[in-house]
Amino acid sequence: MQHPSPPTVTEDRLTDTSRVETFSDGVMAIAITLLVLEIHLPDTGGGSLLRQLGALWPSYLAYAGSFLTVGVIWLCHHRFFDRIRRMDGLLHSGNLLLLLTVAFLPFPTTVLAHHLEDGGWNARVATAFYGVIASVQTVAWYVMWLALRRNPALFEPGYDSGYARRESRQAILGFVLFDLIAVMGLVVPAAALVLYVIAILAYGIGYERIRARLLAR
């Protein structure tokens, strides 16, 4: 009697992307909402409300930077999943690592908001810590692109392992850049934060245009 052959390991592990996208969107939505909890109502104590609101500038700055970060990650995540149709174990792991950094982001945001105004060593450490967390999310992107390099069948038609290899280099570049910004944060926190915002904006807004121009040449 012949028995039906069991499914291959690859077939058994591949899954649809819809549940992953829904779950990821939920995590990012919760994380981006939690960021605002750091901004507390000012206690005027009979003083000037305007002055107290102005004194919350570190919280505003930290919130804006983190909101921008999650927003850019969400945009990149959306574009990423437009290019793939199936998931394997390594791709799931990379996505979970990315969500780990997103869900953790409210904590370094709070640390930055509480210590940025202090100046001195605490402000430097808080800024460096913020940059290190940013570099961790680039590791997650690298793992995700690595999964596609190893198994290009996960892609939608029109993409291959060469495309994944080029994209993974961007993750490596981001890792180096954010770590350099973190080191700069130990010396000049204000400049490091400015560079961090510029890097996020450049990647989230300008990267697709720059890449399209380079490919067109």
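Which residues of the largest nonpolar core touch the most other members? In this predicted model, local features require pLDDT of at least 70 and side-chain atom pairs pLDDT 80 or more, while totals for chains, interfaces and linings use all residues. Residues are numbered from 1 along each chain as its sequence is written, and side-chain values use heavy atoms, without hydrogens and water.

The core comprises 47 residues, of which Phe80, Ile84, Leu91, Trp141, Trp145 and Leu148 touch the most other members. Such a core is a set of buried Ala, Val, Leu, Ile, Met, Phe, Trp, Tyr and Cys residues joined through side-chain atoms within 4.5 Å; buried denotes under 20% relative accessible area, exposed over 50%, and partly exposed in between (1.4 Å probe, protein chains only). At least two core residues come from each of helices H2 (18–34), H4 (57–82), H5 (89–104), H6 (106–115), H7, H8 and H9 (189–216). The most, ten residues, are given by H7. Helices are DSSP runs (H or I, at least four residues), numbered from the N terminus.

H7 (residues 120–150) packs against H8 at an angle of about 170°, with the axes 8 Å apart. The axes are lines fitted to C-alpha atoms over the stretch in contact, and angles run from 0 to 180 degrees between N-to-C directions. The two helices, H7 and H8, are therefore roughly antiparallel, a term for angles over 145 degrees.

Among the buried residues of H8 are Gly162, Glu167, Phe178 and Ile181.

Leu75 lies in helix H4 and is partly exposed, at 38% relative accessible area. Its C-alpha atom is 7.3 Å from that of Gly204, 129 residues away along the chain.

How values were computed
Parallel < 35°, antiparallel > 145°, perpendicular 65-115°, else oblique.
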